[in-house]
Every structure is written in C-alpha cells, then in structure tokens.
Amino acid sequence: TVLIAVQSSAPDRLSLQVTNGPAPQPHSAPHPLSGTGLGLVGMQERVELLGGTLEASRTSDDGWQVTAT
C-alpha cells in the first residue's frame, strides 16, 4: 500500500509525503538490486536546488516514508 499526501501551507510552499508499507516477504533469498543506490541522493539534490528539504525514514511497520518540503 502506498499513501501520497500533498499539502500547501502558502502559495509558494508545497509538501509531498509518500509512505509505503513493508515489502512482501520473499519466498526465497532476495536478489541484490541492480541500481546505483542514488535514488534518495538524487531526490535530495533536486529538492535542495529549489530551497527545500528531504526527509526519509523507516515507519513502525518496516515501510518507508519520504517527505519533500
């Protein structure tokens, strides 16, 4: 399950929050992902270019929450 929340507290201020639940349990050993590992870094760089901030953290149910403001 993925939840997306968008809020605007001022004409020039926007907050986007994406929360997902835990990944499904694999039936066998997980395979390594073939990415560069720069997804969050790239998002943070783009948000900072616009004067914003990015926060990412695990949720209590082992999902993730990413907030860009």
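User: Which strand does Ser15 lie in?

Analyst: Ser15 lies in strand β2, residues 13-20. Strands here are DSSP runs of E with at least two residues, helices are runs of H or I with at least four residues, and both are numbered from the N terminus. This is a predicted model, in which local features need pLDDT of at least 70 and side-chain atom pairs count only at pLDDT 80 or more, while totals for chains, interfaces and linings use all residues. Residues are numbered from 1 along each chain as its sequence is written, and side-chain values use heavy atoms, with hydrogens and water left out.

User: What is Ser15 in contact with, leaving aside its neighbours within four places in sequence?

Analyst: Ala5, Val6, Gln7, Thr67, Ala68 and Thr69. Contact means heavy atoms within 4.5 Å.

User: Which side chain makes a polar contact with the side chain of Ser15?

Analyst: That of Thr69, at 3.5 Å. A polar contact is a pair of N or O atoms within 3.5 Å; within protein, one must be able to donate a hydrogen and the other to accept it, and residues adjacent in sequence count only if both atoms are side-chain atoms.

User: What stands opposite Ser15?

Analyst: Gln7 stands opposite Ser15 of β2. Seven bridges join β1 to β2, and the two run antiparallel. A hairpin through two residues joins β1 to β2.

User: And how many bridges join β2 to β4?

Analyst: Five, and these strands also run antiparallel, with β4 covering residues 64-68. Thr19 has Gln65 as its bridge partner in β4, and Val18 stands opposite Val66 in β4.

User: What order do the strands have in the sheet?

Analyst: The order is β1-β2-β4-β3, in an open sheet of four strands with antiparallel pairing. β1 (2-10) and β3 stand at the edges, each with a single partner strand, so one side of each has no neighbour in the sheet. The twist averages 10 degrees from one strand to the next. Two strands pair if DSSP finds at least two bridges between them.

User: How exposed is Ala56?

Analyst: Ala56 is partly exposed, with a relative accessible area of 38%. Buried means under 20% relative accessible area, exposed over 50%, and partly exposed in between, using a 1.4 Å probe and protein chains only.

User: How many of the protein's residues count as buried?

Analyst: 16% of the 69 residues.

User: Back to the loop between β3 and β4: which residue has its place there?

Analyst: Asp62 is in that loop. Phi of Asp62 is near 70 degrees, a positive value in a residue other than glycine.

Conventions. Axes are lines fitted to C-alpha atoms, for helices over the stretch in contact, and angles run from 0 to 180 degrees between N-to-C directions.
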